[in-house]
Amino acid sequence: MAGADARRLDRVARPMDFLRKNAIWIIALLITSLVLLEGPRAILIGAFVAALVGLFWLLRGKARKPAAGRRLETVPKVVPLPLDRGADTVRPQALERASLKTIDDPRLAAVVLMIQLVRTNGLLTRAERDTILALMADPLGIGDREHVYEQALQLTDRGRVFTPVAEELAPLLRARLSLPERQQLIDMLGEVANAYGEASDLQREAIVRLKRRLLAPDAAAGRPLN
């Protein structure tokens, strides 16, 4: 049925296109004929011109709707991106999330940073998830890794800029981690960034900014990450 309809539309559209493209020349030719001819022939040609112009506008009006329909059909459908594995399956991102300021465990903060570093670039891959879970076991020493991972995942957003998240968690990390532990966290972030191919320039820059903040002397610790 669709193929037959399309053929009928083409049969209507082709004459209309020809008339539309050549209408000026056809009308000019007929008007010239009217000027040169006299008597009954001129009247007949005049009537023919009027009928031709009317037919042209009639076909033009009928062909507009099918053309619009074809344009709508050719617009590609928007296919939503797949959600991260385990993320946002219970509640949509539009719902209010728990504030990062409620985090009081530096280990949870470290997991949030590792996940957000990846999600800023796009979707979590299996390699990145496995790397994070391995780091949660050693050196973080987290027992219920799956539960903590899901909890941290709900505190992140795909496409969210990493630096504001890191800046919000930096005071907690500086207060609760020793200097060697802060350096260890920086190394962990680098390992996660390289878990699935080479780290992006954005990821490397974000890690460097956080490193300056975490390893800076106390007098410079309160400065924003820039």
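**View A. The largest pocket in the protein has a volume of about 160 Å³.** You're looking at a predicted model, where local features need pLDDT of at least 70, side-chain atom pairs count only at pLDDT 80 or more, and totals for chains, interfaces and linings use all residues. Residues are numbered from 1 along each chain as its sequence is written, and side-chain values use heavy atoms, with hydrogens and water left out. Here a pocket is an open set of points where a 1.4 Å probe fits, on a 1 Å grid over the protein atoms alone, with protein on both sides within 12 Å along at least five of seven lines. Its volume is the space filled by probe spheres set on the points, which are joined across faces, edges and corners.

**View B. Here are the residues that line the largest pocket, meaning those with an atom within 4 Å of a point.** They are Pro106, Arg107, Ala110, Pro139, Leu140, Leu177, Glu181, Gln184, Leu185 and Met188. Two elements, α3 and α7, each give two or more residues to this lining. The largest share, 4 residues, comes from α7. By class, the lining has 7 nonpolar, 1 polar and 2 charged residues (Ala, Val, Leu, Ile, Met, Phe, Trp, Tyr, Cys and Pro count as nonpolar, Asp, Glu, Lys and Arg as charged, the others, Gly among them, as polar). Pick out Gln184, a lining residue that sits in helix α7. Gln184 counts as partly exposed because its relative accessibility is 36% (buried is under 20% relative accessible area, exposed over 50%, and partly exposed in between, with a 1.4 Å probe and protein chains only). Across from Gln184 in the lining list is Leu140; the two are 44 residues apart in sequence, yet 10.0 Å apart in space, C-alpha to C-alpha.

View C. The bond in question runs from Asp138 to Pro139, with omega near 25 degrees. Pro139 itself belongs to the loop between α4 and α5, and it is one of the residues lining the largest pocket.

**View D. Helix α4 covers residues 126-137.** Its 12 residues should span 16 Å at 1.5 Å a residue, and with its end C-alpha atoms 17 Å apart, the model agrees (the expected span is 1.5 Å times one less than the number of residues). The buried residues of α4 are Glu128, Arg129, Thr131, Ile132, Leu133, Leu135 and Met136. These pack against three other helices: α3 (106-119), α5 (145-153) and α7 (179-193).

**View E. Leu189 is a buried residue of helix α7.** Its relative accessibility is 0%, so it counts as buried. Setting aside residues up to four places away in sequence, Leu189 touches Leu113, Met114, Leu117, Phe162, Ile207 and Leu210 (a contact means heavy atoms within 4.5 Å).

**View F. Leu169 and Leu172 both sit in helix α6.** That helix takes in residues 162-176. Leu169 has a relative accessibility of 1%, so it counts as buried; Leu172, at 17%, counts as buried too. Leaving out residues up to four places away in sequence, Leu169 touches Leu100, Ile103, Ala109, Val112 and Leu113. Leu169 and Leu113 are 56 residues apart in sequence but 8.5 Å apart in space, C-alpha to C-alpha. For Leu172 and Pro106, 66 residues apart along the chain, the C-alpha separation is 6.6 Å.

**View G. Zooming out, the protein has 8 helices and 0 strands.** From the N terminus on, the elements run α-α-α-α-α-α-α-α (helices are DSSP runs of H or I, at least four residues, strands are runs of E, at least two, and they're numbered from the N terminus). Of the 226 residues, 35% are buried. Among contacts between residues at least 6 apart in sequence, 75% join residues at least 24 apart. The protein exposes about 14,300 Å², with carbon and sulfur atoms supplying 61% of that area (areas come from the Shrake-Rupley method with a 1.4 Å probe; for residues, only the protein chains shown count as cover).
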